[in-house]
Amino acid sequence: MTTAAAPRTVLERFPAGHPRGSWPADDYAAAQRAQGIDAQVVMDLAADQFLVVNDHAPGKS
């Protein structure tokens, strides 16, 4: 049985090789949450990046 993942919008990308690791992505996500946007940090292993994503489809609240 397969389940479809909820659509995600990538708000910003940060290189995983950054000297501070995921901190810039975490800081950005926290700033988005402070503005009322449900943002979380995920790792894109294939691209070697931290992504700040929102689980809502674009244009929907």
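Biologist: Which residue of β3 stands opposite Met 43?

Modeller: Phe 50 stands opposite Met 43. This is a predicted model, in which local features need pLDDT of at least 70, side-chain atom pairs count only at pLDDT 80 or more, and totals for chains, interfaces and linings use all residues. Residues are numbered from 1 along each chain as its sequence is written, and side-chain values use heavy atoms, with hydrogens and water left out.

Biologist: How many bridges join β2 to β3?

Modeller: Two strands pair if DSSP finds at least two bridges between them. Here 6 bridges join β2 to β3, and the two run antiparallel. Their hairpin has 4 residues between the strands, and in it Asp 48 takes a positive phi near 55°.

Biologist: What pattern does the chain follow along the sequence?

Modeller: Helices (H or I, at least four residues) and strands (E, at least two) are DSSP runs, numbered from the N terminus. This chain has 1 helix and 3 strands, in the pattern β-α-β-β.

Biologist: What should helix α1 span, at 1.5 Å a residue?

Modeller: The expected span is 1.5 Å times one less than the number of residues. For the 12 residues of α1 (residues 23–34) that gives 16 Å, and the end C-alpha atoms are 16 Å apart, which agrees. Just after α1, Gly 36 takes a positive phi of about 90°.

Biologist: Which residues of α1 are buried?

Modeller: Buried means under 20% relative accessible area, exposed over 50%, and partly exposed in between (1.4 Å probe, protein chains only). In α1, Pro 24, Ala 25, Ala 29 and Gln 32 are buried. Seen down the helix axis, the buried residues fall within an arc of 135° (taken from the directions from the axis to the C-beta atoms), so they line one face of α1. Trp 23 and Ala 34 are exposed, on the face turned away from the buried side.

Biologist: What do the buried residues of α1 pack against?

Modeller: Contact means heavy atoms within 4.5 Å. The buried residues of α1 pack against β1 (9–15), β2 (39–44) and β3 (49–54). Ala 25, for one, touches Phe 14, Val 41, Phe 50 and Val 52, leaving aside residues up to four places away in sequence.

Biologist: Which residues make up the largest nonpolar core?

Modeller: In soluble globular proteins, nonpolar side chains tend to be buried together. A nonpolar core is a set of buried Ala, Val, Leu, Ile, Met, Phe, Trp, Tyr and Cys residues joined through side-chain atoms within 4.5 Å. The largest one has 7 residues: Phe 14, Ala 16, Ala 25, Ala 29, Ala 39, Phe 50 and Val 52. At least two residues of this core come from each of α1 and β3.
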